[in-house]
Amino acid sequence: MTCDIAVIGAGMAGASIAAELASLAGPGTGVLLIEAERQPGYHTTGRSAAFWEECYGGPPIVPLTLASGPYLRDGGFLTTRGALYVARAGAEAEVSAFVDRFAGTGVQIEVLDRARLAPMIPGLRSGWDLAIHEPACADIDVAGLHAHYLALARDGGVALRAASRIAAMERDGEGWRLVTEDGTVINAGVVVNAAGAWADSIAALAGAHAFGIQPLRRTVAQLRTDPPAPATLPLVLDLAGRFYFKPESGRLWLSPHDETPSDPCDAAAEELDVALAIDRLEHVVDWQVQAVERRWAGLRSFAPDRRPVYGWDPRVPGFFWFAGQGGFGIQTAPAAARLGAQLLLGHGRDTMTETLDHALYAPDRFADTATTKRV
């Protein structure tokens with residue numbers, strides 16, 4: 001099997017950049033999308049409680065988020081909800097620091113006092129007197145967006161090969177020789193590492209740099225509460241980073257905002273994390289938790305500086321990084337994928353990407369600290 005570009009990983013990262021590569025490269029460029037699991041998006045993409053939230057990821061991620069907004073809105077993938085970062089009385093300095101941190105980035109935020117906050121969260125307990133309101137925050141149709149990119153890729157001639165975990169890689173002349181666990185050999189000119197939690201493992205197989213992209217487990221539980229969570233409830237996040245919750249189809253999705261280091265794996269929720277999340281919720285609102293109906297976990301993978309890694313490996317020819325997208329990979333998918341495809345193909349920027357500073361995300365920022373391994 002031969003292709004010009006092999007994209008490893010068919011979650012949101014791989015599907016989106018494969019679609020953009022097919023669109024920008026045009027007919028005659030063979031793109032192969034390789035997925036270890038039988039179902040694309042089985043891991044992080046399929047377990048995301050994603051939202052488009054302008055401040056998520058911090059100021060370095062804001063340009064990617066804002067650049068992606070029009071594509072997501074025009075495609076019908078966003079439903080406006082609004083968001084509230086809530087804080088206890090006495091946290092004025094923390095609120096002010098948050099506002100100052102995002103000054104000049106283009107995000108829409110305003111500070112609310114208790115009088116304006118309380119009606120937005122029925123049953124809000126006393127002591128929660130401050131909030132930062134993001135009116136533009138929206139739910140994302142994750143499954144719809146992922147299916148959209150897979151369809152665009154397919155229509156652009158991209159071949160999808162599922163249940164094909166990569167077991168070995170080596171440079172072969174000017175290109176690559178990839179071998180899957182079932183013994184299939186794939187010859188590719190370029191390899192795109194869009195393997196999510198497995199990004200450093202793929203780099204190790206290729207003899208490329210390991211940048212320390214660490215998978216972190218994030219837990220979510222679906223609760224039935226009394227009273228039910230209002231459908232109009234904003235996304236509610238703790239300014240101190242200890243919880244978030246939002247309504248979903250008459251239920252409440254709740255997370256303890258955990259970031260537990262993990263090996264790449266099929267992540268599962270732990271009872272202690274769910275109990276911790278419920279305890280934190282009960283200190284915020286006076287609702288009764290009647291049942292935990294579902295629980296799940298996914299892996300969000302971060303580089304050491306918590307910025308994504310997009311671009312050519314600084315030392316290994318033909319190895320392109322598209323990884324380390326943390327929990328913001330879905331809300332930034334349109335701009336990130338367009339930028340990645342433009343960088344790989346050597347194309348100029350367009351209106352979506354013209355304001356993006358690639359140096360923030362370039363792999364060579366780790367050139368002095370990365371380690372090279374081969375397994």
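Analyst: Let's take a few features in turn. This is a predicted model, where local features need pLDDT of at least 70, side-chain atom pairs count only at pLDDT 80 or more, and totals for chains, interfaces and linings use all residues. Residues are numbered from 1 along each chain as its sequence is written, and side-chain values use heavy atoms, with hydrogens and water left out.

User: How do the axes of α1 and α8 cross?

Analyst: Two packed helices are described by the angle between their axes and the distance between the axes. Here, helix α1 (residues 12–25) and helix α8 (residues 333–345) have axes that come within 8 Å and cross at roughly 50 degrees. Axes are lines fitted to C-alpha atoms, for helices over the stretch in contact, with angles from 0 to 180 degrees between N-to-C directions. Helices (H or I, at least four residues) and strands (E, at least two) are DSSP runs, numbered from the N terminus. α1 and α8 are therefore oblique to each other; under 35 degrees would be roughly parallel, over 145 roughly antiparallel, 65 to 115 roughly perpendicular, and the rest is oblique.

User: Which residues in α1 and α8 meet?

Analyst: Contact means heavy atoms within 4.5 Å. Among the residues that meet are Ile-17, Leu-21 and Leu-24 in α1, and Ala-337, Ala-341 and Leu-345 in α8. The residues of this contact divide into 10 nonpolar, 3 polar and 2 charged. Ala, Val, Leu, Ile, Met, Phe, Trp, Tyr, Cys and Pro count as nonpolar, Asp, Glu, Lys and Arg as charged, and the others, Gly among them, as polar.

User: How many residues of helix α6 are buried?

Analyst: Buried means under 20% relative accessible area, exposed over 50%, partly exposed in between (1.4 Å probe, protein chains only). In α6 (residues 199–206), 7 of the 8 residues are buried, so the helix is largely enclosed by the rest of the structure. What covers those buried residues includes β1 (2–8), β10 (166–172) and β21 (319–323). Just after α6, Gly-207 takes a positive phi of about 70 degrees.

User: And where does Phe-319 lie?

Analyst: Phe-319 lies in strand β21, and counts as buried at 0% relative accessibility. Phe-319 and Ala-203 are 116 residues apart in sequence but 8.5 Å apart in space, C-alpha to C-alpha. Among the residues that Phe-319 touches are Ile-202, Ala-203 and Ala-206.

User: What order do the strands have in the open sheet of 3 strands?

Analyst: Two strands pair if DSSP finds at least two bridges between them. The order is β3-β8-β4, with antiparallel pairing. β3 (51–52) and β4 (78–80) are the edge strands, each pairing on one side only. Phe-51 stands opposite Asp-139 in β8.

Terms used:
Lists of a residue's contacts leave out its neighbours within four places in sequence.
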